[in-house]
Amino acid sequence: MVLYRDHDEKLDLLKAGKLSLLENVKEFLKRIDANKDINAFNFVFEKDALESAEIIQEKIKSGKFGKLAGMVIAIKDVLSIQNKPLTCSSKILENFHSVYTATAVQKLINEDAVIIGKTSCDEFAMGSSNENSAFGPVKNPIDKTRVPGGSSGGSAAALAANLCDASIGTDTGGSIRQPAAFTGLIGLKPTYGRVSRFGLTAYASSFDSIGPFAKNSSDLPKIMDVLSGQDLNDSTSISSSSIIDEDISKIKIGVPKEFFAAGLDTEIKSRIDQIISILEKNFEIVEIELPNTKYSIAAYYILTTAEASSNLSRYDGVRYGHRSKSNINLQDLYESSRSEGFGDEVKRRIMLGTYVLSAGYYDAYYRKAQKVRRIIKNDFEKAFDKVDLILSPTTPTTAFKIGEKTDDPLSMYLNDIYTTPANLVGIPAISIPIGNDSNNLPIGLQFMANIFEESKLIAVSKFIENNLVKK
Amino acid sequence: MSVNNKQVEQIAKLARLKFDENEIENLTKDMNKILDYMDQLNELDTDNIEPLSHPLDLSNVMREDNLKESISRDDVFKNAPSHNEEFFKVPKVINK
C-alpha cells in the first residue's frame with residue numbers, strides 16, 4: 001500500500017479486510033531494504049514490527065483497537081525504546097541500549113502504532129543537514145545528491161521515500177520544519193511542553209520539542225493528540241486541550257517583512273507571494289513587524305550551545321557509553337572517551353557553550369542572550385495581539401548539495417534563520433509543502449501560532465492542502 | 001570579543017576534550033567567526049530587560065516525597081563499560 005492517503009482510509013481498509021497489516025509491514029520492510037542507499041534508518045525492527053502487525057491486525061478484527069491502529073511509524077534515534085539501541089547517531093553511544101521507553105513513544109505504542117525502526121539524525125540532533133551522523137550522511141530521496149535537512153533528516157527521508165506512514169522527529173531550532181521543507185512533507189513543532197521529553201536525549205532542554213512528520217493534514221491532529229499531555233516524569237510538560245477542527249475563516253495572518261529580506265531565495269519568495277495572493281481571497285493578511293528576530297540565530301546558538309555543553313557533560317565514559325582504552329588516570333579517561341566518542345560539530349558546540357558559560361564571559365554572552373530571548377518573545381507577544389498566525393518561509397533556500405556547507409559552520413547555522421525564533425519563544429510552528437522550485441526541489445511555507453494554538457496551524461495546513469493547486 | 005589558541009586550549013580543558021595543535025588552530029578560527037557573528041547582540045540595549053531562561057511561565061510545583069520504584073542496579077550496569085557487583089569501576093583516583 002504505497003498509495004497511502006491517510007490513516008482514516010488505511011484503518012477503513014484494515015477493518016474491511018481489504019488490506020492486511022502484516023503484508024503492509026512486509027512491504028515497508030522490503031522497501032526499506034531496497035532503499036538502503038538513502039541511509040534513513042539506524043535500526044530496523046523487523047521482528048517486532050511483524051509481531052505487532054499480527055497482534056494489531058487481530059485487535060482491529062475484534063473491534064477494540066487504539067487511535068493509531070496500524071499506522072507504521074519511524075522514530076528518530078534520540079528517543080528511547082526499552083531494550084533497543086539508542087545512539088543519537090553518535091559513536092559515544094554506539095553500544096547503548098535503553099532501559100526504559102520514552103513517554104512519547106510509549107503513547108504511540110499504547111495506541112497500536114507499529115514502530116518500524118529508528119531513524120538517523122545529526123549527532124545529538126546538532127545540525128541542519130544530517131551530515132553530522134557518525135554512521136554516514138542521509139540522502140534526500142527527491143535528489144540523492146542533496147541533503148534531506150536536519151537534524152531529523154532520517155525521519156524526513158524515511159517518510160518522503162514511503163518507508164513508513166508517518167515519522168517522529170525533534171525540533172530544537174528547526175530540526176523538524178527544515179527537513180520537512182527539504183523533502184516536501186508537513187512537519188509540526190508543537191508548543192514547548194505539550195509533549196513530554198521524558199526519554200528524549202537532551203540537547204538544549206529549554207528548546208527541545210518532539211513532533212510529527214506527516215504526508216497529510218488529517219494524520220497530524222491524530223498523532224498530536226496521542227503525543228500530547230502532562231507527564232510526571234517531565235516537570236516542564238503541560239496538560240493542553242486537544243486539537244480541534246478549528247474554524248479559521250475569520251483569522252488574521254501576519255506577514256513579517258523581516259522574514260523576506262536579503263538572503264531569501266528568489267524562487268521561494270515568488271512562490272510564497274503567489275500563495276499569499278491566494279490566501280488573501282479568504283483571509284485578512286496584514287504586514288507585521290518582528291524587528292528583533294534578526295538576532296535569533298546569535299541568541300539561539302549562545303543559549304543552545306550553553307545548554308548542550310552542560311547536558312553532554314554526562315558522557316564521561318564512566319557509567320555508560322564509549323570508554324577509551326587510554327585511561328591512565330580519571331582525567332585522561334574523561335578526555336579520551338569524550339574526544340574519541342564525539343564528532344566535530346558536537347565538540348564545536350560543547351566548546352562554544354563552555355566558553356559562553358565560563359567566568360568572565362557569562363554576562364557578555366549567556367546572560368545577554370537570555371535578555372535578547374525575552375526581547376524576541378516580546379516581539380511575538382505584540383504580534384499575536386494583532387494576528388492569529390504568522391506566515392514566513394521555512395528555509396532561505398531549498399535542499400542544498402551534500403558537502404556544500406560542511407566546511408563553514410556559520411553558513412550552516414544561518415540555515416535556521418526562520419525556524420529558531422519559534423524555539424526561542426516556545427510557540428508552535430508548522431512547515432507545509434507549497435510546490436517545487438525550477439530544480440524540482442520542494443519549497444516549505446512556515447506558519448507560527450501563539451502557544452497551544454496548534455489547531456490553527458493544522459487548520460491552515462488543511463486549507464492549503466484543499467485549495468492550492470501545487471506547482 | 002575573540003579567542004586565541006591558548007584560550008581555546010583552556011576551554012578544552014574545562015570541557016574535558018583533547019585536541020591536537022591543528023585542531024586547536026581550526027577551532028580558534030571557527031569559534032572566532034561564530035563569536036564575531038554573535039557580537040551583533042551588542043547592538044541591542046538590554047539594560048532593563050529581565051533574562052528569560054525558559055520559554056513558558058512555569059512556576060515550581062511540589063509533590064509528595066514518596067518512594068517509588070526506580071531503575072534496578074542490574075539494568076543500570078547493562079550499559080556500564082566496567083563495573084563490579086556494586087560499583088562502576090574507574091582508574092585509580094588517589095595515588096599514595
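Which residue of chain A forms a salt bridge with B:Asp30? The partner is A:Arg348, with the closest N and O atoms 3.3 Å apart. A salt bridge here is a side-chain nitrogen of Lys or Arg within 4 Å of a carboxyl oxygen of Asp or Glu.

This is a predicted model, in which local features need pLDDT of at least 70 and side-chain atom pairs count only at pLDDT 80 or more, while totals for chains, interfaces and linings use all residues. Residues are numbered from 1 along each chain as its sequence is written, chains are lettered from A in the order in which they are written, and side-chain values use heavy atoms, without hydrogens and water.

Now the interface. The rule finds three salt bridges between chain B and chain A. Helix 1 (5-14) and helix 2 (21-38) of chain B each supply at least two residues of the side that touches chain A. Helices are DSSP runs of H or I, at least four residues, numbered from the N terminus. Helix 2 of chain B gives the largest share, eight residues. In contact (heavy atoms within 4.5 Å) are 54 residues of chain B and 69 residues of chain A.

Turn to A:Arg146. This residue lies in the loop between strand 3 (114-119) and helix 5 (153-160) of chain A; strands are DSSP runs of E, at least two residues. A:Arg146 counts as buried because its relative accessibility is 13%, and buried means under 20% relative accessible area (1.4 Å probe, protein chains only). Its side chain reaches the backbone oxygen of A:Ala399 at 2.9 Å. Not counting residues up to four places away in sequence, A:Arg146 touches residues including A:Phe400, A:Asn439 and A:Leu441.

Terms used:
Buried means under 20% relative accessible area, exposed over 50%, partly exposed in between (1.4 Å probe, protein chains only). A polar contact is a pair of N or O atoms within 3.5 Å; within protein, one must be able to donate a hydrogen and the other to accept it, and residues adjacent in sequence count only if both atoms are side-chain atoms.
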